[in-house]
Amino acid sequence: MRITVTVDGTTYTDDVEPRTLLVHYLREQVGKVGTVVGCDTSNCGACTVHLDGHSVKSCSVLAVQADGCEVTTIEGLARDGQLHPVQQAFHDNHALQCGFCTPGMIMQSIDLLADNPSPDEQAVREGLEGNLCRCTGYQNIVRAVRDAADHMRPGAGPEAERVAGDAGSRAASSVGGGGE
Amino acid sequence: MTATMEPEVGKGRLRKEDARLIAGRTRWTDNITLPGMVHLAVLRSTAAHAKIVNIDTSAAKEMPGVIAVYTGDDLDPEGAIGMPCAWPITPDMKSPRRPVLAQGKVNFAGEGVAVVVARSAGEAEDALAEIDVDYEDLPVVLGLENALAEDAPLVHEELGTNRNALWKFDSGEAGSGGDVEQAINEAEVVLKRRFRQQRLVPAFMEPRSCVVDPTAPQLTMWSATQIPHILKTMSALTLGIPEHKIRVIAPDVGGGFGGKIAVLPEEIMSLLVAQKLGRPVKWTESRSETMAAAHHGRDQIQDLTIAAKRDGTVTGLKVELMADMGAYLGLVGPGVPILGAFMFNAIYKIPAYHFACTNVFTNTTLTDAYRGAGRPEATFGIERMMDELAAELGMDPMELREKNWIKHDEFPYTTVSTLTYDSGNYEAATEKAMQLFDYEGLRREQAERRERNDPVQLGIGISTFTEMCGLAPSRVLGSLDYGAGGWEHAAIRMLPTGKVEVITGSSAHGQGHETAWSQIVSDQLGVPFEDIEVLHGDTQSSHKGLDTYGSRSLAVGGIAVVKAAEKVIEKAKKIAAHMMECSEDDLEFSGGKFTVKGTDKSTGIGDVAFAAFMAHDLPDGVEPSLDSEAVYDPENFSFPHGTHLCAAEVDTETGRVRLRKYVCVDDVGKVVNPIIVEGQMHGGLAQGIAQALFEEAVFDESGTLTSGTFADYLLPSAADLPSFTTDRTETPSTTNPLGVKGVGEAGTIASTPAVVNAVVDAVRHFGVNDIEMPLSPMRVWKAVHSGEKAAGGPGAEAGGGLGSIDATHGGAQ
Amino acid sequence: MIPAPFDYVAPSTVDDAVRALAEAGEDAKIIAGGQSLLPVLRMRLAAPTSLIDLNRIPELRGVRDDGDALVIGSMTTHYDVQRDPLIAEHAALLAKATDTVADPQVRHRGTFGGSIAHADPAGDLLAPALALDTEMVVAGPDGRRTVPAADFFEDFFTTALRPDEILVEVRVPKHTGWHAHYEKFNRVAQAWSMVAVAATVRTDGGTIAEARVGLTNMSSVPVRARAVEEALVGRPATAESIRAAAEHAAEGTNPTVDGNADVEYRQHLARVLTGRAIQAAMAG
């Protein structure tokens with residue numbers, strides 16, 4: 001089937017098999033290998049991307065279901081060489097070790113902050129319950145998300161990640177993106 | 001660069017590694033795509049023990065996109081290839097051949113039976129369903145005691161036994177202590193306990209993957225491995241490929257925790273298939289394959305006897321273990337429980353000690369190293385026993401420990417298991433931990449809750465641990481019949497522009513070597529942190545090494561870096577003296593500069609590097625290079641220690657455990673980067689706590705792994721763990737120039753018994769003196785209400801996960 | 001892991017979907033949010049020949065007020081259920097249970113109707129749907145029919161939906177002003193419910209006027225704890241009467257056994273959690 005998907009601001013038209021998972025489409029056809037696969041059961045969350053502004057596990061969405069949609073991956077967050085505040089906070093707080101879960105963690109953290117701009121510790125922990133990390137014990141991830149919240153002004157930052165469509169909708173990656 | 005710059009070692013540098021990892025600019029093995037590359041998919045046995053009567057691959061070969069299908073007999077018609085085990089722990093150890101793909105017989109569910117090669121991963125997977133394997137079931141051997149029973153069926157008939165090896169240490173025989181039987185006979189108090197170390201899955205986040213390119217000048221293999229150097233040598237030995245014709249690259253590797261210390265049948269298979277087809281191949285496993293086929297960890301039954309005086313003085317310890325090897329021997333599998341032999345005596349002065357471990361074959365996934373490897377098991381055993389002894393004697397458990405531990409002024413101290421602990425200060429770490437924890441306050445609250453019969457009871461668990469790490473002095477490994485040394489290699493390249501490349505044989509997969517090694521070299525050579533690049537994980541650039549495990553990177557690999565830097569300075573000194581027309585003896589080196597003593601005349605190391613590069617004017621007989629390398633063999637292990645305190649609330653109505661507070665004060669010697677050390681502690685704690693509360697690999701009666709997905713094997717998420725209070729004391733190691741010890745495994749080793757001790761302490765007044773791990777709510781509730789300590793297991797099903805989905809009747813939508 | 005090949009259609013109306021389902025034959029499957037289905041397909045535990053995707057049917061999304069009931073489109077996502085003001089006002093129990101479903105990513109994609117039709121007895125929306133006396137509106141080749149929740153869930157993963165039918169709406173009688181709580185017990189946040197209790201009560205002065213209690217994973221289908229409800233009605237809303245009523249929670253249940261819980265423990269949990277659910281509802 002032929003699909004047209006906007007990934008990190010660029011529009012691609014491709015033929016895919018219906019069974020192709022969004023994550024495999026991103027990795028193998030679009031070349032977005034920053035998004036990874038960690039499990040078969042949608043538990044680990046490593047493949048988390050934003051689909052039309054909401055976090056989803058891209059292993060549990062078919063590529064054909066993303067036809068006409070906009071996808072933001074970890075590779076589309078930085079603007080003009082400037083890291084997204086959540087990326088920066090992960091670095092600043094040593095919130096990663098091997099880094100395999102990190103793309104999914106960052107994408108989910110951004111979504112979480114879009115819903116709750118100043119979460120307490122428990123809210124961060126619950127907001128990340130769909131993402132597994134085996135290295136950090138989560139403590140520095142929680143710290144990073146709260147640190148990012150402190151550095152982000154809701155609504156500030158560059159253009160929303162969605163390059164087309166209803167501008168009024170919530171676009172997770174745009175929240176506070178790019179810093180001041 | 002000035003001499004006044006503050007030292008890099010000890011600074012909380014943010015990691016160099018992060019830039020690419022937070023941006024998705026990663027190089028996982030599965031990211032690699034090569035021209036003409038084809039994909040492998042492995043058909044895995046559904047039976048745990050069966051004869052293979054027939055394998056029909058004809059239909060699979062006709063499937064779209066399929067290039068080839070191979071069985072074990074196709075790849076190895078002579079049956080000559082066996083996966084390596086590098087640790088024959090005894091001369092008479094039984095060692096079955098582990099084929100690349102099963103030949104004639106399968107010995108665990110998940111063992112490879114055939115491999116499909118296809119143009120796409122999907123097509124390869126499609127063809128698996130078309131392979132027809134005819135199995136004839138054999139009796140399945142499960143459980144240590146069953147396997148050792150008189151009339152037990154055998155995993156490997158040809159071995160004549162399920163016993164792999166019996167390894168013993170006895171302090172009476174070794175002359176390092178008394179006779180334990182005598183100590184037990186004469187003891188005022190004798191306590192016996194049986195503990196079970198459940199089976200665990202290392203659960204690194206990146207599934208294993210391997211790409212082989214046979215078209216490169218050297219046969220090149222990328223692999224998600226902890227051990228590229230060992231893998232290279234072992235691949236050469238296993239397949240007879242000349243070693244200089246193989247290059248192994250461990251690119252970005254997504255965690256290991258011991259689980260990627262292995263030479264995989266799939267790696268060997270990839271080498272064979274790539275050579276057969278003459279084109280690049282990729283194998284990337286699914287998580288379900290990882291769970292069933294990658295090695296597991298732990299799985300022991302521990303029978304412990306402790307002898308003591310009424311005043312709490314421990315007089316003897318007898319340890320009898322059974323350890324489940326699974327169906328075959330992994331690379332270092334048989335030695336893992338043996339590492340525990342040196343650690344059961346822990347921080348205590350125990351005058352008589354006996355250790356015996358029986359390794360056993362069963363029809364299960366093999367076991368091998370998992371974070372801590374042997375030492376968590378030992379620490380759990382002794383720390384649980386200390387709490388049990390304290391309860392028996394009516395003593396405060398910390399007081400009992402203090403009475404028996406080695407005092408800070410008794411170091412260096414040679415233990416009953418013959419190790420010499422170079423340094424430590426258990427008093428200092430404990431004092432700090434007790435303060436941070438508010439031990440007295442929590443004990444008061446515990447008493448109040450008991451008094452008012454509160455449905456939520458509080459318990460306090462202690463673990464005062466040490467471990468041996470920095471593996472390892474080669475001569476010690478030799479005495480343990482280990483199949484390699486324990487040294488590490490480093491090299492430093494001084495570039496003409498003054499920048500520095502550091503090469504290390506330690507292969508990082510999340511630890512932060514690039515950052516920490518840069519800090520070390522910056523101090524040694526006086527070059528800026530930013531001007532240093534650390535290269536690792538590619539046998540072409542890092543040609544020599546023994547890789548990363550056993551908390552060895554810093555204490556061995558880091559010291560090799562120091563030694564290489566010292567050689568650079570020695571070489572530079574000759575040239576600097578020549579440049580400044582003085583004697584070498586008149587030079588001192590500091591902050592990156594050679595200065596003529598008593599003058600302000602100096603030259604920077606970068607200038608010397610440039611002079612060496614130009615080579616226009618060098619002293620006679622001096623080679624035009626500052627590049628240096630060193631191989632460091634440690635003279636001793638290092639011995640981090642610490643005091644971990646856990647307060648756990650137990651809801652006696654439901655059995656649910658909530659960790660209320662976790663404090664640990666660790667002493668890992670000198671610290672290169674406190675941020676990285678803290679991160680290692682956090683992650684280690686999470687894994688140790690997860691063993692206590694959540695995780696277990698479970699097989700059903702037919703030998704099928706029922707906890708075979710992340711929906712069934714319970715890894716904690718952020719929502720399941722508390723924040724930890726971590727702190728440090730710093731007692732430098734005296735056996736290496738940096739004074740460092742190692743931190744990678746400490747948290748995992750220490751935390752499991754702290755949690756279990758806390759839970760047992762919370763409900764001891766109900767008559768509970770043990771609960772089997774993991775401490776599921778049902779187990780805790782049943783222990784409280786009926787005294788049953790292992791409800792639901794072993795053989796319990798994790799349940800409730802994906803396995804609960806009945807796909808055929810599954811509702812739509 | 002990659003699903004086995006299948007055909008795929010994404011109709012834009014319910015009628016088209018019903019037709020597509022009929023045409024695709026018995027090995028077709030409907031995909032709603034896909035959050036349970038896709039892992040099953042990846043693991044190749046199922047291999048349907050075609051998928052009928054409901055995601056492009058706008059009429060199946062959203063919540064509307066229909067007098068004494070709310071009507072929830074089957075493709076309304078968990079995320080939307082959690083935030084819907086009508087549900088918050090008239091069916092708070094559903095919102096609270098939905099808060100506990102899976103994780104945020106799954107709630108963005110997973111749907112209310114999908115969970116109901118999947119009929120996993122450990123799923124968190126079945127017991128609330130039963131307790132609230134909801135009705136399932138299903139569409140088939142012969143038009144629409146309505147099935148009460150009590151008749152809808154037949155067995156593990158089995159419902160009254162015929163192979164040629166699609167769940168299109170769920171009618172939820174309004175429970176305006178009722179106290180509600182969903183008490184979930186699992187081993188880790190990602191795990192399914194071992195046992196959970198959906199409780200909603202209406203008080204009149206200090207007295208419990210009406211009570212509805214549903215149990216998750218205490219049988220092959222969600223169970224209504226009628227004895228508890230009866231014991232509560234007309235009693236003062238005190239800790240003591242709640243505790244006494246909760247003692248009846250396990251009556252008539254037939255829970256499954258797994259490594260996490262045997263029958264005795266599950267029934268015990270049902271009693272403890274029922275008491276806690278009602279207490280929390282009253283407090284909330």
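This is a predicted model: local features need pLDDT of at least 70, side-chain atom pairs count only at pLDDT 80 or more; totals for chains, interfaces and linings use all residues.
Pro774(B) sits in the loop between helix 21 (746-763) and helix 22 (777-786) of chain B.

- Pro412(B) lies in the loop that runs between helix 13 (397-404) and strand 16 (413-414) of chain B.
- Arg298(B) isn't a glycine, yet its phi is positive, at about 55°. You'll find Arg298(B) in strand 13 (residues 297-308) of chain B.
- Is Arg298(B) buried or exposed? Arg298(B) counts as buried, because it has 29 C-beta neighbours inside 10 Å, and 20 or more is what it takes.
- Glu581(B) is another non-glycine with a positive phi, this time about 50°.

**Chain B as a whole**

- Chain B is built with 22 helices and 28 strands.
- Taken along the principal axes, the C-alpha atoms of chain B fill a box of roughly 85 × 75 × 60 Å.
- What radius of gyration would you expect for a compact globule with 813 residues? The value would be near 28 Å, and chain B has 28 Å, so the two agree.
- Of the 813 residues in chain B, 62% are buried.
- Take the contacts in chain B between residues at least 6 apart in sequence: 80% of these join residues at least 24 apart.

**Domains of chain B**

- The domain assignment of chain B lists domain 1 (18-24 + 487-632), domain 2 (32-138 + 205-255 + 260-293) and domain 3 (297-471 + 636-786).
- How far apart are the centres of domain 2 and domain 3 of chain B? Taken over C-alpha atoms, the centres are separated by 36 Å.
- Where these two domains meet, domain 2 of chain B puts in 23 residues and domain 3 of chain B puts in 24 residues.
- On the domain 2 side of that contact, you get 16 nonpolar, 5 polar and 2 charged residues.

- In soluble globular proteins, nonpolar side chains tend to be buried together.
- Here, the largest nonpolar core has 418 residues, and Val116(B) and Val759(B) are the ones that touch the most other members. Helix 18 of chain B gives this core its largest share, 14 residues.
- Which residues does Val116(B) contact, leaving aside its neighbours within four places in sequence? Val116(B) is in contact with Ala41(B), Ala60(B), Val66(B), Val69(B), Ala124(B), Ala127(B) and Leu128(B).
- Helix 19 (residues 605-614) of chain B has these buried residues: Ile605(B), Gly606(B), Val608(B), Ala609(B), Ala611(B) and Ala612(B).
- An α-helix has 3.6 residues a turn, so residues three or four places apart point the same way.
- The packing partners for the buried residues of helix 19 of chain B are strand 19 (488-494), helix 17 (513-525), helix 18 and strand 24 (602-604) of chain B.

**Chains A and C**

- Chain C and chain A touch: 26 residues of chain C are in contact with 25 residues of chain A.
- On the chain C side, at least two residues each come from strand 1 (7-9), helix 2 (37-42), strand 3 (50-53) and helix 6 (104-109). Helix 6 of chain C supplies the largest share, 5 residues.
- Sorted by class, the side of chain C that touches chain A has 15 nonpolar, 6 polar and 5 charged residues.
- Over in chain A, Glu70(A) belongs to strand 5 (residues 70-72). Glu70(A) counts as buried because 23 C-beta neighbours lie inside 10 Å.
- Glu70(A) and Gln139(A) are 69 residues apart along the chain, and 32 Å separate their C-alpha atoms.

Notes: Residues are numbered from 1 along each chain as its sequence is written. Chains are lettered from A and ligands numbered from 1 in the order in which they are written. Two residues are in contact if their C-beta atoms, placed from the backbone, lie within 7 Å. Helices (H or I, at least four residues) and strands (E, at least two) are DSSP runs, numbered from the N terminus. Ala, Val, Leu, Ile, Met, Phe, Trp, Tyr, Cys and Pro count as nonpolar, Asp, Glu, Lys and Arg as charged, and the others, Gly among them, as polar. The radius of gyration is taken over C-alpha atoms; the globule rule is 2.2 Å times the number of residues to the power 0.38. A residue is buried if 20 or more other C-beta atoms lie within 10 Å of its own, exposed if 12 or fewer, and partly exposed in between; C-beta atoms are placed from the backbone. Domain bounds come from an automatic or database domain assignment. A nonpolar core is a set of buried Ala, Val, Leu, Ile, Met, Phe, Trp, Tyr and Cys residues joined through C-beta atoms within 7 Å.
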